[in-house]
Amino acid sequence: MKRVKSILVLGGGSAGLITALTFRRMLPEVSVKLVHSPDIGVIGVGEGTTAVFPEHFFKVLGLPKDEFYRETSPTWKQGIKFVWGPRDHFFYTFDFQYDQKRQGMGMANGFYADDDCGLLDLPAALMQCGKAFASGPLGKPLINGQYAFHIENKRLVAYLEKICAASGVAISEDTFVEAERTENGVGDLVFQSGARRSADLVIDASGFRSELIGRTLGVSFKDFSTGLFCDRAWIGGWTRGDEPLHAYTTAETMDSGWCWQIEHEDWINRGYVYSSRFINDDEALGEFLRKNPKVSNEPRLVRFRSGRHDSGWVGNVVAVGNSSGFVEPLEATALAQLIYEVRWLIEVLRTEQMDPAQSAKDRYNEIVGRAWDEIRDFLAYHYRFNTRLDTPFWKHCRNETSLGDYEGFYQEYRRLGPAPETIRALPYKPNIYGIEGYLAMLVGMKVPHERTYQPGAGEIDLWNRHQRAMRTRAAAGVPSEKALAAIRSPHWSWS
Ligand SMILES: Cc1cc2nc3c(=O)[nH]c(=O)nc-3n(C[C@H](O)[C@H](O)[C@H](O)COP(=O)(O)OP(=O)(O)OC[C@H]3O[C@@H](n4cnc5c(N)ncnc54)[C@H](O)[C@@H]3O)c2cc1C
């Protein structure tokens with residue numbers, strides 16, 4: 001392979017554009033061309049992020065916050081409200097609820113969370129109290145910590161296109177037709193216009209079509225259907241009326257899957273992710289509309305398969321985004337995984353002084369593949385332990401879901417309970433969700449464990465005082481509507 005001085009990105013969805021922009025910002029000496037098809041367009045879904053997104057956009061890419069907010073009109077997300085398991089609901093935040101022990105307490109937080117787990121950290125308490133951020137001086141929102149966004153996909157793509165163009169990415173519209181396979185991956189890419197394009201490294205960001213890594217190179221696909229059974233989604237929504245603007249995504253158990261609620265300022269977006277083995281499309285649409293009678297647009301059906309390509313980097317081709325792999329958006333991880341892929345790719349190129357050896361590509365494939373598999377296994381936890389409904393789908397999930405590489409972690413939890421020491425049983429470190437993610441799901445769903453803990457009266461008193469303090473701080477917080485008004489005020493300054 002030649003030294004990498006140029007890249008060609010095939011695809012102008014969020015994956016292609018974020019990749020192009022990250023290259024321009026982190027490796028400005030590399031020239032970047034991007035080609036996308038106006039006839040095919042973008043998938044147009046994918047609107048929840050994780051806390052990796054603001055960190056990457058503001059700290060790594062250095063995008064100005066005022067411009068970002070103005071152009072994409074995001075709302076904030078402090079985590080996910082799961083209407084899941086035996087509790088009425090529980091919150092999964094981007095902070096630390098379970099991987100910590102409060103001062104003066106004998107055990108980690110999870111041991112005290114049987115009755116109420118809604119006040120374990122500030123983000124959860126804010127969500128519980130209908131607030132987005134804690135309140136700072138003059139009642140202004142303290143927009144900091146581990147928060148994420150809801151952003152309409154088309155707005156994000158339009159904004160990224162503008163920034164890419166301004167950052168020196170050469171963007172063209174054309175439809176890819178074919179490429180010759182060579183010893184080193186692919187040769188020239190041939191387009192509908194007759195143009196032939198090439199570069200030292202070609203990024204396949206063509207979404208589910210996976211034009212290069214899948215269709216041209218025929219890299220095998222690792223199916224995730226041993227742990228994830230859903231394969232379709234109905235998507236619809238309605239214009240926001242007087243509903244409160246929640247600072248969280250809702251994930252609600254449905255008969256044969258689950259339903260998201262994503263909060264935009266003017267629009268509420270719902271999507272029923274289901275398994276076509278357990279419900280047909282018409283029945284799923286019926287359940288979706290029955291439970292969401294306000295849906296006012298024509299619901300749209302999206303089909304998907306969960307899994308990843310065995311190798312994302314083959315020769316001179318690297319797949320990113322949906323072209324590399326896909327899992328349902330239960331944790332809205334797709335953009336975070338994309339950012340992980342791009343940053344590792346750049347890290348490898350830098351370390352290899354832009355001339356990557358096969359061993360470096362192998363290592364990249366191992367790291368990225370492992371991350372995909374961890375996401376699969378983390379989502380499997382959501383399915384295996386959700387006891388909320390006894391429908392055929394959920395019974396099947398409880399009986400048949402494989403926890404993959406994370407079965408051992410569950411066994412250690414069953415023995416010890418929600419103790420941070422269970423980290424010993426995580427198969428790989430570092431990992432994406434940390435022990436925090438697994439404990440949040442297990443305690444949230446009240447999954448039984450052998451060792452329980454009886455706190456003394458003093459400890460209970462101290463715990464209750466902690467809870468009250470958290471509730472008081474959250475209750476004084478700022479709701480999303482007011483926080484949006486604050487950042488639009490002429491007196492607001494991001495610095
Ligand atoms: C139901 C559902 C819900 C989701 N929810 C979330 C979520 O909440 N959070 C999240 O992070 N992600 C979510 N995702 C994933 C989301 O789709 C991706 O995060 C994101 O949009 C990246 O898409 P992409 O750029 O890989 O693909 P796309 O948006 O499909 O872009 C593909 C690009 O390739 C171009 N292209 C394809 N073929 C050709 C060709 N032959 N010639 C030229 N150009 C071509 C297209 O024109 C387009 O520009 C969800 C996905 C689904 C299906």
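**Close-up 1. Glu347 in helix α8.** Glu347 belongs to helix α8, helices being DSSP runs of H or I of at least four residues and strands runs of E of at least two, numbered from the N terminus. With a relative accessibility of 41%, Glu347 is classed as partly exposed (buried is under 20% relative accessible area, exposed over 50%, partly exposed in between; 1.4 Å probe, protein chains only). Between Glu347 and Pro418 lie 71 residues in sequence and 35 Å in space, C-alpha to C-alpha. The model is predicted, with local features requiring pLDDT of at least 70 and side-chain atom pairs pLDDT 80 or more, while totals for chains, interfaces and linings use all residues. Residues are numbered from 1 along each chain as its sequence is written, and side-chain values use heavy atoms, without hydrogens and water.

**Close-up 2. The largest nonpolar core.** This core comprises 118 residues, and Phe57 and Trp76 have the most contacts inside it. Helix α9 (residues 358–384) is its main contributor, with 10 residues. A second, separate core of 16 residues includes Ala179, Val202, Val317 and Ala319. A nonpolar core is a set of buried Ala, Val, Leu, Ile, Met, Phe, Trp, Tyr and Cys residues joined through side-chain atoms within 4.5 Å.

**Close-up 3. The second largest pocket.** The pocket (an open set of points on a 1 Å grid over the protein atoms alone, where a 1.4 Å probe fits, with protein on both sides within 12 Å along at least five of seven lines; lining residues have an atom within 4 Å of a point) is lined by 37 residues, of which Val52, Tyr340, Asn431, Ile432 and Tyr433 are the closest to its centre. Helix α8 gives the most to this lining, with nine residues.
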